[in-house]
Amino acid sequence: MTIDEAIKHCEEVAEKQERASSFWQKGGKTYKNCLECAKEHRQLATWLRELKAYKDKYKEGKEE
């Protein structure tokens, strides 16, 4: 799996969990779990984007 694929996967899971939360009673345990899962996957996607940016910057520096 590439970083881009991992980012896409995290975003897809986050979206799916956000949609899933709408099927549960607001404030309930499952509702909160879905939103927490979505939040965590969004954070993972953010970190992966940062990692990708660092790797790209590192590669640019090695080419010079």
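**View 1. Five salt bridges are found in this structure.** A salt bridge here is a side-chain nitrogen of Lys or Arg within 4 Å of a carboxyl oxygen of Asp or Glu. The model is predicted, so local features need pLDDT of at least 70 and side-chain atom pairs count only at pLDDT 80 or more, while totals for chains, interfaces and linings use all residues. Residues are numbered from 1 along each chain as its sequence is written, and side-chain values use heavy atoms, with hydrogens and water left out.

**View 2. Helix 1 packs against helix 2.** For orientation, helices are DSSP runs of H or I with at least four residues, numbered from the N terminus. Axes are lines fitted to C-alpha atoms, for helices over the stretch in contact, and angles run from 0 to 180 degrees between N-to-C directions.

**View 3. Asp-4 pairs with Lys-52.** The closest N and O atoms of this salt bridge are 2.6 Å apart. Because Asp-4 sits in helix 1 and Lys-52 in helix 2, the pair ties together parts that are 48 residues apart in sequence. Asp-4 is partly exposed at 43% relative accessibility, and Lys-52 is partly exposed at 29%. (Buried means under 20% relative accessible area, exposed over 50%, and partly exposed in between, with a 1.4 Å probe and protein chains only.)

**View 4. Arg-42 forms salt bridges with Glu-11 and with Glu-18.** For Glu-11, the closest N and O atoms are 2.2 Å apart; for Glu-18, the separation is 2.8 Å. Arg-42 lies in helix 2 and Glu-18 in helix 1, so this pair links parts 24 residues apart in sequence. Salt bridges with shared partners join Glu-11, Glu-18, Arg-42 and Arg-49 into one network. Arg-42 is partly exposed at 27%, whereas Glu-11 is buried at 17%.

**View 5. Cys-34 and Cys-37 form no disulfide.** A disulfide is a pair of cysteine sulfur atoms within 2.5 Å, and by this rule the count is zero. The sulfur of Cys-34 has its closest cysteine sulfur in Cys-37, 7.4 Å away, which is too far for a bond. Cys-34 is buried, with a relative accessible area of 8%, while Cys-37 is partly exposed at 21%.

Conventions:
Helix = DSSP H or I, 4+ residues; strand = E, 2+ residues; numbered from the N terminus.
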